Structure formats: C-alpha cells, structure tokens
Amino acid sequence: MNHRPYLLLVAALFCAVGVAAQKMKWNAAYQAYIDQYKDVAIEQMLKYDVPASITLAQGLLESGAGRSELTRRSNNHFGIKCHGWTGKKTYHNDDRAGECFRVYKSAYESFEDHSKFLREGRRYADLFKLKRTDFKGWAKGLRKAGYATDPDYPTLLIGLIQLYKLYQYDDASSYDKFIAKHTRKNFTGERHQIHKYNKNYYVVARAGDSLADIADEMGIKIKKLVKYNEMLDEDMAVNVGDIIYLKKKQKYAAKDYKGRSHYVRAGETMHSISQQYGMQMRKLYKLNHLKPDYQLCVGDELKLR
C-alpha cells in the first residue's frame, strides 16, 4: 500500500514540519476520531488480538482521521484494496491511477475486515507472537511484513500512539457496547461523535441536520428520539449546537450538582435547561414546584436534584 496521500493529510492536520513523529502536534480532529472509535478498536482487540493502539493509529493514518475521500465515500478506514474481495468495490488513485478498493456498509465492517486481514494473513503471523502491549514491535513488524512501503510508517504509528496515549487501550478488558454498536449502522459520510453525560449518550446537531437524519444515522426510531428529548413532534426544528439524547434522560442532574442551583439566563427555556443537564423536563418542573405554563424569568433559581 502507498500511504503518501494519507501522510500528506496527516502532516497538514498536525501542522508538522516533515514527517518525524517527534514533530507531531495534538489535533482535535484526531482526538475526536479516537473518542469515536476506541470502543470498537478494543472490541476488535478482544476478538482478534490486534492491539487497539495499532488499530487506532492505522485508522488515523489511513483515513486522515475519517476525513479522506475513500473513508467518507466507502467507509474504508484502512485503505485495504480489493485483493480477494467479492463485495462492493470503488476505484481510487493510490500506487497507480484508478486502483480497486473495498467498500464497506459501515465503519464496523471496515474495522472487522482490518482485524481479519491481519489475523488471517500468513505474512502477519509473527506479529501475533508479540505481546499485545508491544506496540513498537507491532509497528515495526507491520512495515517489515509489507503492510506499508514507506520507511517512516513505524515511526508515524509509534508517534501517534505516544502522542495520544493510545497504549492505554491495550490493557482494556471491556468496552462501551452502546458506542461500539453504533459503528455497525450502515452509514456513508461523516458520523456524529457520540458523547456521554449523566449516564446517557448524546450527539450535537450540525448545520443542515434534522431529527429524521439523526434518527436514521443512529438507527433509532424517530418517535423514540422525540420522546427521549421531550420534543413536541417529529418535525421540530433542530438548530446547530442542539443536544440530542439517544436514550431516555435521567430524572435528575448528575450527582455533581447536588445542593447546587441553576440561575436562568436570557433566552433559556425549561426545555433547553433540561437538555443542558440531561434531566427530564417534567422532573425539573416538579422538583421546583412549578406548573407547565410557568413563564421563566431571568435570574430564577432552579434546583437540579
């Protein structure tokens, strides 16, 4: 595989001078990719024994943190070509113009195929004799086995793993099944990052989003999404920055807010406040002995627990 197009993207995103790992700089897009896919990488590690750190570092490099054309168009996070592939295909310039690459239905399918590609490939057999925590050995072994032709490939992988502390995931014995399950959903494009708060999961609405779009991406019935977020109907407008919860909200704010209050600011509503704290709006009314038709005033004090 020729990784030069991806390395150029890596260099641009890191604002690095050259490709030496020590010159890499932390980048929010890369951290977001890690947060989004670390759980599926751990799941793959527990199934196939490929270190999660290696999977994540390769995914970052090959996909440009999920932003490469190949990844967005084909869910191909690892640049795996069509050799022996009987599924859907696409054509992309790499070592030569118009080379054949595998197309996946979901990000999960790409991660799974990457694990099998290494586990079942005879030339990678020696890698599985290494300890799972030996990410340096794995990085060098991948280059030696011919995964990449670029001599800087091991240095780049090791640099990514050290910069983002990806090695911490190689000791994991469990993962967040809700987030890992999300990667199984058929979707082509840039996924919303799933966040965790107050024993729940949420995404942040982007420009052009609708409730139906988010429901479709997450594989959740729109009626449930409306109910979880205490919205009036399925056609309710979604604004940039809105929090959309993916499960039923908790009755109260997180424990950190015990004994604390919220003071109403201009433009806030009971709904926006309940979304901010991940608590049910009806409980917010009840906790503060307010009727549903109460008109909030700037400076009102609201109990949260």
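Entry one: the cysteines. I noted that this is a predicted model. I began with burial and found Cys82 buried. Cys100 is buried as well.

I then searched the whole structure for disulfides and got 1. The disulfide joins Cys82 to Cys100, with an S to S distance of 2.0 Å. I looked up its handedness next. The torsion about the S-S bond of Cys82 and Cys100 is about -75°, so I wrote down a left-handed disulfide.

Where do Cys82 and Cys100 lie? I placed Cys82 in the loop between α4 (69–74) and β1 (89–92). Cys100 sits in strand β2, residues 99–102. The pair therefore ties together parts that are 18 residues apart in sequence.

I also checked Cys297. Its relative accessible area is 42%, so I logged Cys297 as partly exposed. The range for that label runs between 20% and 50%.

I found a patch of positive charge on the surface. I listed its members: Lys221, Lys223, Lys224, Lys227, Lys248, Lys251, Arg282 and Lys286.

Which helix gives the most to the positive patch? I found that α10 does, with 3 residues. Helices α10 (222–228) and α12 (281–287) each supply at least two residues of the patch.

Lys286 is found in helix α12. Is Lys286 buried or exposed? I read 59% relative accessibility for Lys286, so it counts as exposed. The cut-off for exposed is over 50%.

Definitions and conventions: Residues numbered from 1 in each chain as written. Predicted model: local features only at pLDDT ≥ 70, side-chain atom pairs only at ≥ 80, totals over all residues. Heavy atoms only, no water. Disulfide = S-S within 2.5 Å. Helix = DSSP H or I, 4+ residues; strand = E, 2+ residues; numbered from the N terminus. Buried < 20%, exposed > 50% of the residue type's maximum accessible area, 1.4 Å probe, protein only. Patch = residues over 30% accessible without salt bridge, like charges linked within 9 Å, V, L, I, M, F, W, Y side chains within 5 Å. Areas by Shrake-Rupley, 256 points an atom, 1.4 Å probe, with all protein chains shown as cover. Salt bridge = Lys/Arg side-chain N within 4 Å of Asp/Glu carboxyl O. Lys, Arg positive; Asp, Glu negative; His and termini not counted. Charge placed at Lys NZ, Arg CZ, Asp CG, Glu CD.
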